[in-house]
Amino acid sequence: MVEYEPLFDSFGRKHTSLRIGVTDRCNIRCFYCMPLENVQFQPRSEILSFEEIERFARIMVGAGVNKFRITGGEPLVRSDLPLLIQQLAQIPNVVDLAMTTNGMLLAQHAADLKKAGLQRLNISLDTLNEATFQKISRRTGLHQILNGIAEAQRIGFRQIRLNAVAIAGITEEEIVPLGRFAKEQKLELRFIEYMPLDADGQWDDSQVLSGQQIRQTLEAEFGSLVPSPRTDASQPAVDYHFADGGVVGFINPVTQPFCQTCNRLRLTADGKVRNCLFSEIEWDVRSLLRNNASDEDIMELVRDCVWHKKPGHGIDSDEFRRPERAMYQIGG
């Protein structure tokens, strides 16, 4: 494997983590991510093949990227996904291989994913109430997610984490039940502030249920949360643990941006490299992959992308502009 110089941006941040979108399709329609109907998906011919993804990933590993996270849309609607997991797991020097999923199809795929080499799972679980689930996802099927969580636990992944998007006026009543569920199931739980990445463009800062508010609610029910040691300076969450066991974290991109330690890049399902969820610019690597470009050409494109990374996403700035693409198109 060819080795390259590490990927530093102009602010000295070293990039070692890559989010890999494998599809923009999904089997639910959460309003904070996708439109309800008339969704314009990318033609399948424009979605990267597993071979193209693997080649790009190998090049990135040569520059010190050693953590991959598979995202969507919903990655499990992509056919034969364990084959890609297996390909990525066999790349030397990859120390972490994870996936973010809504869990709807997890029960039937968990065993194959683990066998292929997937190490960790982040499972979206915003609520334990079916009515609230339908309000958010605009589909039925909470029981499928719970079944998927149970199967993933049975299979024995290295880590299973629950992700809950917090939305003012909707999920306040979900905080305590989710906290209790995570404690009882011995799963990590992370609350994520609602970000302006919805396809309908309806996000407003009044809908942000802050991490601080959630923490106060949890402490009123379960007692004081104790700060957990920060083992990875680049992790987006601030973690705590309950006095009687269990970990809960808060990802607060709106009220407490963590951009100064960001080490992440994103590859969209259609082959665009992004240096930030909120980037207004994308770098087209698909055209290089499909036109006989050398590995060095691809690395040069990535290095240009990294170098142009801004100091922060700027949600709290008057100059902030929403990205043209929604979350399902970018990859979580």
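User: Why is Lys-310 called exposed?

Analyst: In this predicted model, Lys-310 has a relative accessible area of 52%. The term exposed applies over 50%, so Lys-310 is exposed.

User: What makes the contact of Lys-310 and Glu-280 a salt bridge?

Analyst: A side-chain nitrogen of Lys or Arg must lie within 4 Å of a carboxyl oxygen of Asp or Glu. For Lys-310 and Glu-280 the N to O distance is 3.7 Å, and therefore the pair counts as a salt bridge. The two residues are 30 residues apart, with Lys-310 in the loop between H9 and helix H10 and Glu-280 in the loop between strand S11 and strand S12.

User: Why is Glu-280 called partly exposed?

Analyst: Its relative accessibility is 42%. Buried means under 20% and exposed means over 50%, with partly exposed in between, so Glu-280 is partly exposed.

User: How do you know that Asp-295 forms a salt bridge with Arg-55?

Analyst: The closest N and O atoms of Asp-295 and Arg-55 are 2.7 Å apart. The cut-off is 4 Å, so the pair meets the definition.

User: What makes Arg-180 and Glu-221 a salt bridge, and which helices hold them?

Analyst: Their closest N and O atoms are 2.9 Å apart, which is within 4 Å and therefore a salt bridge. Arg-180 belongs to helix H6 and Glu-221 to helix H7, 41 residues apart. With values of 33% for Arg-180 and 43% for Glu-221, each is partly exposed.

User: How many salt bridges are counted by this rule?

Analyst: The count comes to 19. Some share partners: Asp-270, Lys-272, Arg-274, Glu-282 and Arg-325 are joined into one network.

User: How do you know that the buried residues of helix H3 lie on the same side?

Analyst: The buried residues are Leu-106, Ala-110, Leu-113 and Ala-116. They cover an arc of only 140 degrees around the axis, so they fall on the same side of H3. Gln-108 and Lys-115, on the other side, are exposed.

Notes:
Residues are numbered from 1 along each chain as its sequence is written. This is a predicted model: local features need pLDDT of at least 70, side-chain atom pairs count only at pLDDT 80 or more; totals for chains, interfaces and linings use all residues. Side-chain values use heavy atoms; hydrogens and water are left out. Buried means under 20% relative accessible area, exposed over 50%, partly exposed in between (1.4 Å probe, protein chains only). Helices (H or I, at least four residues) and strands (E, at least two) are DSSP runs, numbered from the N terminus. The arc is that of the directions from the helix axis to the C-beta atoms.
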